[in-house]
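Dear colleague,

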Amino acid sequence: MGFSDKIESLVDAIERASAKNLEEAEQFRIKYLGSKGVFKDLFNEFKEVSSEEKRQFGQKLNQLKSRAEGRLTEWKSSLGEAEISGPQLDLTRPGMTVEPGAKHPISLIRDEIIEIFHAIGFSVAEGPEIEDDWHNFSALNFPPEHPARDMQDTFFIKDPNGGDDHVLRTHTSSVQVRTMENNEPPIRIIAPGRVFRNEAVSARSHCIFHQIEGLYIDEGVTFADMKQTLEYFAIAFFGKSKIRLRPSYFPFTEPSAEMDVYWGLENELDYRITKGTGWLEVMGCGMVDPAVLTSCGIDPEKYSGFAFGMGLERSAMQRFQIPDIRMIFENDVRFLKQFQSAL
Ligand code: PHE
């Protein structure tokens, strides 16, 4: 068949072609316009024909190809619409249900504690999770080589360019430094956030957890103010009004204490929660060390204050009876769903 006959028969074939559905349209595309299709062959052949024939057929060939493409586009749009607006559209079908999300147990506890302190004038402060040595340690009175730096099982981040190394913050106390550096007293903040310690993961401890830090700095703030504030918290959060302060040690507070809440020993659960003592350990606290105030640019002759810090996981586990801390971080929907009612 000569070149001109081929073109004539192709004109016919393209005009006669039809597609009943998208699949047939696709077959048409492959047959005529595909990379091994009829047009490909024809254009290859076209390269070889005499220049006279080129003049004669060139334009025709191009028009024919556009015609084939045009038909294909028409089929696709009309068939595509038909498939969508066809019998599948059933206006009586019930809508899709959208399940409301649930707050994570850690968020529930965090928000509750924020609310409790908000009511007595504390506002929320935040800081970065990747900290420099100054904010996580030095400004908080941890001297270089102090064993307390190891005590906190720090994750160090090496700077490949030889700059200062950083750490994943080991506590939210870094936020108290940042707040004091950038604000004038009176300061009343709580700093909730994620912290990191290089500890073996088990049912009771994790290398990631959450803390809330509190800080109050003003003229004439005393240990009695701290005790009163913590007692207010114990009543609001645990519904328990008996607390005790045991002497403790933190580099950044002096004196330092651990606060326990008297839980009672009425049933087996109380025994388990308090390890048989009736007392629940709640948080570390103390009067901000004058050296820390000085490091942060606050005059310790004029101002004093207290700080406290507590873990959120332990409270969440006790409140919601979560037996294993790892559940808090696994994001298993079956676990998370259970807190829906707590919304
Ligand atoms: N930063 C301490 C810790 O991580 C807790 C703390 C905060 C203690 C503030 C005293 C004052 O254990």
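In what follows, buried means under 20% relative accessible area and exposed over 50%, with partly exposed in between (1.4 Å probe, protein chains only). This is a predicted model, in which local features need pLDDT of at least 70 and side-chain atom pairs count only at pLDDT 80 or more, while totals for chains, interfaces and linings use all residues. Residues are numbered from 1 along each chain as its sequence is written, and side-chain values use heavy atoms, with hydrogens and water left out.

Helices (H or I, at least four residues) and strands (E, at least two) are DSSP runs, numbered from the N terminus. In helix α9 (residues 223-238), M226, T229, L230, F233, A234, F237 and F238 are buried. These residues lie on the same side of α9, because they cover an arc of only 140° around the axis, the arc being that of the directions from the helix axis to the C-beta atoms. A224 and Q228, on the other side of α9, are exposed. The buried residues of α9 pack against α5, β7 (243-250), β8 (253-262), β9 (279-288), β10 (304-311) and α12, where contact means heavy atoms within 4.5 Å. Just after α9, G239 adopts a positive phi of about 70°.

As for α5 (residues 105-118) and α12 (residues 312-320), their axes come within 9 Å and cross at roughly 105°; axes are lines fitted to C-alpha atoms, for helices over the stretch in contact, and angles run from 0 to 180 degrees between N-to-C directions.

Best regards
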